[in-house]
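Biologist: Let us go through the features of this model one at a time. Please give the general idea where there is one, then the case at hand.

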Amino acid sequence: MVDAVEKGLANEPVRVQVPGQASTQLLSATGDAAADAKGQASWALFEWARNPYVILITIYIFSPYFTSTVVGDPVRGQAIWGNINGIAGFFIACLGPVLGAIADTGGKRKPWIVFFIALMVPAMFALWWAMPGEGGLSILSIAALIVLIAVAFEFSAVFHNSMLPAVAPHERIGFLSGLGLALGNAGALLILCFMLWAFMLPGAVPWGFVPDQPLFGIDALAHENSRISGPIVAVWLLVFSLPLLLWTPDVKGANVPVKVAIRRGLGSVVGTVRKLKHYRNIAIYLAARMFYNDGKTAVLVFGGVYAAGVFGWNALTLTIYGIVLSVFAVGGGFFGGWLDDTFGSKRAILVSIGGTCVGLILAVSITPPELFFLPYDAASAEPVWDLPFFATLPELMYLIVVLIVAICITAAYANSRTMLARIAPTAKMSEFFGIYALSGTATAFLGPLLVGFATWLFQSQRIGFASILLLLGIGLAGMLFVKEERAEAVD
């Protein structure tokens, strides 16, 4: 895998003579020698190692299984899952700046990455024992594992991301960053397709290319086809993290004590945030983006959970759901680029977030006995086809609506980054993208806790899922006061 990616980096940009050396080397954004092609490819491959956790555990396979089957009550399950993610988001929001300060101030990154991998791998594998009833882990134990994995996952990204300026040549920092994201999405989609072929379709469809029985003796009746997602992402992470650890050079240590690193880093963050009083337009934008970003993330996290509870989707249907949405999300990136180039970043965000709001309203308007809030006679309706998934009209319409939502959400991610690039002072671009990253995690707990609380309060998955409209609406309203004009730098 590393060799294949390495070939894509073979056409190197112009080399620069490094003083004191006979040969020329590529310089990184930090001014030191960049990693070679294998080191760069190995850095990007870490995204391939990490991202399947998000797709399989957080969104499409494990979370719906946990809420509907392990908890046994979809309404209570959605409330618990919201609280679990809210607690994880709280720890990330509180400790993220501290870890970011350590990474920004200096010091080696790999030991931290190894530490977080060592936490994640056994915790992911242990999800195999997340069984309904008395035979497996308790709900509290599963919740603790998920919080541990989620926090370690985000913190591993802090140190991995902070390696990029030292690993990539200055001319290729954007390319390598994009390569990592592309590999992450490709790896997750590959695993979803494998799980569909190996564990979900066997025994469900009479297709010649599908095994007669699930591989490795997996028993679907014991929900092993859902539980296997934990060990799969654990082994995947362990194996594909090795190239980063073996072939990507670490950042040079600055020999700064941890306490000093934290103090300097946090001082820098506080100082930058204080400067926002001189940049009112940017501050309004970051506040609006903070709300709608939490809303977008919550829609992704709870879309499958809601469908599993309302429509009773099994592991097979949820896997196909994940594959289809992942494919359409790619199109969202192109749609977002077209919107931005055609109408500008602000209007593009208003369209993408507005489209997400409309899509969410339509999504909660569909249940087995209702179609767009109108009664639907499911008992007398004929299945739309003979396939064992999306067989009813409400299920198929829900899928179509969520595909549109996925396109809008992906477009909004792209438009949001471009918007800041359009309005931040050119001379302080890196500084403001640091605040941009901080604002993306500062309220990471808000969306999950809102869904969890609303679901518990009204004892309704529908109202709980619809509560995300509050966050999207606040963010959308805030964007109306943002001007798409570049600010002047203030010292």
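Biologist: What share of the contacts between residues at least 6 apart in sequence joins residues at least 24 apart?

Modeller: In this predicted model, the share is 81% for the protein chain. Its secondary structure consists of 19 helices and four strands.

Biologist: How many residues does the protein chain have, and what percentage counts as buried?

Modeller: The chain has 491 residues, and 52% of them count as buried.

Biologist: How are two packed helices described?

Modeller: Two numbers are used, the angle between the axes and the distance between the axes. For helix H14 (residues 345-364) and helix H19 (residues 468-479), the angle is about 160° and the axes are 10 Å apart. Angles over 145 degrees count as roughly antiparallel, so H14 is roughly antiparallel to H19. Their crossing is left-handed.

Biologist: Which residues make the contact of H14 and H19?

Modeller: On H14 they include Ile349, Leu350, Ile353 and Leu360, and on H19 they include Leu469, Leu472 and Met479. Sorted by class, the contact has eleven nonpolar, two polar and one charged residues. Lys346 of H14 is also among the contact residues.

Biologist: At what angle do helix H12 (residues 280-311) and helix H17 (residues 446-458) cross?

Modeller: The angle is roughly 60°, and the axes come within 8 Å. H12 and H17 are therefore oblique to each other. The crossing of this pair is right-handed. H12 contributes Phe291, Asp294, Ala298 and Phe302, which meet Leu446, Gly447, Pro448 and Val451 of H17. That contact has six nonpolar, one polar and one charged residues.

Biologist: Now single residues. Is Ser226 buried or exposed?

Modeller: The cut-off for buried is under 20% relative accessible area. Ser226 counts as buried because its relative accessibility is 6%. Ser226 lies in helix H9 (residues 224-227). Leaving out residues up to four places away in sequence, Ser226 touches Ile61, Tyr65 and Ala315.

Biologist: How many residues apart in sequence are Ala37 and Pro169, and what is their C-alpha to C-alpha separation in space?

Modeller: Ala37 and Pro169 are 132 residues apart in sequence, and their C-alpha atoms are 10.0 Å apart in space.

Notes:
Residues are numbered from 1 along each chain as its sequence is written. This is a predicted model: local features need pLDDT of at least 70, side-chain atom pairs count only at pLDDT 80 or more; totals for chains, interfaces and linings use all residues. Side-chain values use heavy atoms; hydrogens and water are left out. Helices (H or I, at least four residues) and strands (E, at least two) are DSSP runs, numbered from the N terminus. Buried means under 20% relative accessible area, exposed over 50%, partly exposed in between (1.4 Å probe, protein chains only). Contact means heavy atoms within 4.5 Å. Axes are lines fitted to C-alpha atoms, for helices over the stretch in contact, and angles run from 0 to 180 degrees between N-to-C directions. Angles under 35 degrees count as roughly parallel, over 145 as roughly antiparallel, 65 to 115 as roughly perpendicular and the rest as oblique. A crossing is left-handed if the near helix is turned anticlockwise from the far one by less than a right angle, and right-handed if clockwise. Ala, Val, Leu, Ile, Met, Phe, Trp, Tyr, Cys and Pro count as nonpolar, Asp, Glu, Lys and Arg as charged, and the others, Gly among them, as polar.
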